[in-house]
Amino acid sequence: MTRPLNRRGWLTAAGASAAGLWLAACNKLTEDPKSAAVLKSAEGLTRRAQRLVIDRKALAREFAPADISADFKPNGSTNPSDADYVAHLAKGFADYRLVVDGLVEHPLSLSLADLRQQPARTQITRHDCVEGWSSIGKWTGARLGPLLDQAKLKPNARYIVLHCADTLEETLDGTGQYYESIDLIDAYHPQTLLAYAMNDAPLPVAHGAPLRLRVERQLGYKQAKYVMRLEAVSDFAHIGRGNGGFWEDRGYEWYAGI
Ligand SMILES: Nc1nc2c(c(=O)[nH]1)N[C@H]1C(S)=C(S)[C@@H](COP(=O)(O)O)O[C@H]1N2
Ligand SMILES: [Mo]
């Protein structure tokens with residue numbers, strides 16, 4: 001007699017190994033090559049599990065104004081010292097332009113005023129960091145989907161890479177600059193925003209001024225702050241250390257679904 005596959009148990013096991021990984025703090029690196037290998041196989045498993053059971057188009061939970069955290073914790077870079085960023089900040093981001101390029105028919109260069117003209121959305125959501133804390137905030141921003149439609153993705157575009165202004169780690173090869181990447185399912189998700197406002201005020205520097213990503217079905221480290229450039233790519237092997245993001249290059253999962 002063949003036993004039916006206990007999908008529940010299998011998923012729990014997959015979840016447990018990922019949860020173990022998430023206990024490691026954002027700023028602690030997994031250096032042990034053995035745990036890196038375990039991590040890679042766990043990632044493969046959770047990714048497959050997530051594909052099977054998660055409706056990637058479902059909305060993240062939204063909250064009421066009364067739920068907004070009084071002190072949303074800033075994390076990672078909170079005041080970039082990179083020269084270009086410091087110069088933009090000194091001018092109140094008057095010369096800031098978001099560049100949209102790569103595999104697009106119509107590259108874009110958008111000022112903050114341009115971005116505020118784009119189809120917008122406001123949402124109150126919970127941000128979950130792998131370090132184990134959560135905060136609830138209200139975000140307003142341009143929906144990424146309609147913006148990509150304006151740029152018109154080429155048929156071979158599969159991911160959107162978000163290049164950030166901040167260097168989180170000094171490295172000799174320059175791979176310490178923060179970046180992230182998402183696939184087109186998340187890019188076109190209705191709650192995926194390039195947020196320019198938080199809790200009804202312009203986005204504070206600590207939280208990514210002038211523009212940060214909100215991709216609400218994923219963990220904190222995917223929520224790229226200080227976004228300067230969106231690059232449409234067919235794969236991200238040539239960017240950073242090739243794993244699709246600053247923390248992914250240091251061992252975290254590329255798909256950080258919650
Ligand atoms: N550019 C950039 N984006 C970033 C980070 C960073 O250091 N630099 N840290 C990430 C992490 S780990 C988290 S939890 C969130 C923190 O966002 P917050 O500062 O608004 O809380 O931003 C993410 N995006
Ligand atoms: Mo985080």
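The model is a predicted one, in which local features need pLDDT of at least 70 and side-chain atom pairs count only at pLDDT 80 or more, while totals for chains, interfaces and linings use all residues. Residues are numbered from 1 along each chain as its sequence is written, and side-chain values use heavy atoms, with hydrogens and water left out.

The protein chain holds six helices and ten strands, taken as DSSP runs (H or I of at least four residues for helices, E of at least two for strands). Of its 258 residues, 49% are buried, that is, under 20% relative accessible area with a 1.4 Å probe, protein chains only.

Around ligand 1 there are 23 residues, the closest being Lys73, Asn75, Asp166, His207 and Lys225, where a residue counts if one of its heavy atoms lies within 4 Å. By class, this shell comprises twelve nonpolar, seven polar and four charged residues. The table lists polar contacts, meaning pairs of N or O atoms within 3.5 Å.

| Residue | Atom in the residue | Distance to an oxygen atom of ligand 1 |
|---|---|---|
| Asn75 | polar backbone atom | 2.8 Å |
| Ser77 | backbone N or O atom | 2.8 Å |
| Lys225 | polar side-chain atom | 2.5 Å |

The protein covers 99% of the 530 Å² of accessible area that ligand 1 has on its own, by the Shrake-Rupley method with a 1.4 Å probe.

In helix α5 (residues 144-151), the buried residues are Leu144, Gly145, Leu147, Leu148 and Ala151. Seen down the axis of α5, these residues fall within an arc of 165 degrees, so they line one face of the helix; the arc is that of the directions from the helix axis to the C-beta atoms. Just after α5, Lys152 adopts a positive phi of about 60 degrees.

Methods
Chains are lettered from A and ligands numbered from 1 in the order in which they are written. Buried means under 20% relative accessible area, exposed over 50%, partly exposed in between (1.4 Å probe, protein chains only). A polar contact is a pair of N or O atoms within 3.5 Å; within protein, one must be able to donate a hydrogen and the other to accept it, and residues adjacent in sequence count only if both atoms are side-chain atoms. Ala, Val, Leu, Ile, Met, Phe, Trp, Tyr, Cys and Pro count as nonpolar, Asp, Glu, Lys and Arg as charged, and the others, Gly among them, as polar.
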